[in-house]
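Student: Please take a close look at the aromatic rings in this model. How do they pair up, and where do they sit?

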Amino acid sequence: MIIEKVKKLINNNLILFQNLTYISLLEIFIVVSPLITYPYLIKTLGLELYGLVITAQVIASYAIIVVNFGFRSITAKDISIHRDNINKLSEIISSILIIRFILWLFCFVIYFIIISIIPLYNMHLLLFLLSFGITFNDLLFPQFFFQGIEKMKFITFINIGISSIFIILIFLFIKDPKDYYLVPLFKSIGFIIGGIISLYIIFFKEKLYFKIPKFDTLKIYFKDASSIFATQIISSIKDKFSYILVGTFVGMNDVVIYDLGAKFTTLLTKPGAILSRVLFPKIAKERNFKLFKKSSLIILGLTILAVIILNIFLPYVVNLFLNKKIDLLPLRIFLFSPVFLSLSSFIATNNIIALGYNKYILYSIIVTTIIYAFFIFFMYSINMLHSIFVFIIITVISYLSELVYRLYVSNKIIKNEKVRHL
């Protein structure tokens, strides 16, 4: 009996370690791969044109949120619970793919109307149409499935392979500013290939099958993810809308500066994101509060250390990407964001969502979005939106308010759960 328990413990830890390794490789590559092409694209296309490329991707990313519809978080939990039931897994996969396709068609129609009526976007219609291709990743690639069954190697190999090809194509074919439309084209092709490969693995290697579910079944999955979707779409107002506002009130050059700060934030929050995704199935199943608290402290410490190191070497890092001198103060202010965001995201995923209190994620985003909108309107009313400093400060304040709210809710949830299980 003891030997069997030891073997089970070893196997569980081995799976956890393997998933941590695969997720780490994937997340690091996802962050590093665009940074590899970043200096080259800025040098080749120029700040103004590359700012437009970023803007097109940001607008298309609104469609990504709709197509994903919160399934990445919620459905991973369902997959984890029913991982040994082929019929149930087939129902889940089929339902999500159908819902995503319907949402994708709806988004394309709306997106096409928007880019057709706005003069600047219509002038670069091909760029914006090709940029919509980034939605194929969320349409075709069911990442939640591999996360739920804890076989992250498939996601890792597919994404690294596709991203590597994208990087090579960038350096081989983009030689002049007029080639700017190739950036979204190469990304779109990569996402289509990756999606096809992932579906092949699911339906042929994992032996799942596609079936047409009942309408009531689709409604159940749609409803389960709706609170997370509402959270993500509201959150995007402050996270993505700033790009459009910076481009409108400050300039496309500053869109690149803002985007660089956002990329640094993404890079520095990855350790927490990796640990969060690995621990999610375990915390969701076991409701392990001790593991949650220890992991939260580790994430906070790692992020603070990473922010300090980046601040020390910031002049050299920025020069590497932009190859020009800029005022570093906006980026230094932006670097408060990873500290707040990494801990806030971990609490959201591995406490609030893992324990089934999804509505509080929505509430937290509503609160922080109201704060964000208030500061935007206030600064606009006093004519102070023409500075990159203002947008970055508002972004940092919104992340801090989000963290404060989620800390309050998290403590409340833990107390309630302990009382329930007495």
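Tutor: Start with a definition. Buried means under 20% relative accessible area, exposed means over 50%, and partly exposed lies in between. Keep in mind that this is a predicted model.

Now take Tyr 363. Its relative accessibility is 38%, so Tyr 363 counts as partly exposed. Its partner is Tyr 360. Tyr 360 has a relative accessible area of 17%, so this residue is buried. The two rings lie 5.7 Å apart, centre to centre.

The structure holds 25 aromatic pairs. Another of them joins Trp 104 and Phe 136: the centres are 5.5 Å apart and the planes stand at 35°, so this pair is tilted. It links distant parts of the chain. Trp 104 sits in helix α4 (residues 86-117), Phe 136 in helix α7 (residues 136-140), and 32 residues separate them. Trp 104 has 13% relative accessibility, so Trp 104 is buried.

This pair is part of a wider group. Phe 101, Trp 104, Phe 108, Tyr 111, Phe 112, Phe 132 and Phe 136 make up one aromatic cluster.

Next, the surface. Phe 108 and Phe 112 are among the residues of a nonpolar patch with about 1,100 Å² of accessible area together. Helices α4 and α5 (119-123) each give two or more residues to the patch. The largest share, eight residues, comes from α4. Met 123 also belongs to the patch. Met 123 lies in helix α5. At 64% relative accessibility, Met 123 is exposed.

Notes:
Residues numbered from 1 in each chain as written. Predicted model: local features only at pLDDT ≥ 70, side-chain atom pairs only at ≥ 80, totals over all residues. Heavy atoms only, no water. Phe/Tyr/Trp six-rings, centres within 6.5 Å; stacked < 30°, edge-to-face > 60°. Helix = DSSP H or I, 4+ residues; strand = E, 2+ residues; numbered from the N terminus. Buried < 20%, exposed > 50% of the residue type's maximum accessible area, 1.4 Å probe, protein only. Patch = residues over 30% accessible without salt bridge, like charges linked within 9 Å, V, L, I, M, F, W, Y side chains within 5 Å. Areas by Shrake-Rupley, 256 points an atom, 1.4 Å probe, with all protein chains shown as cover. Salt bridge = Lys/Arg side-chain N within 4 Å of Asp/Glu carboxyl O.
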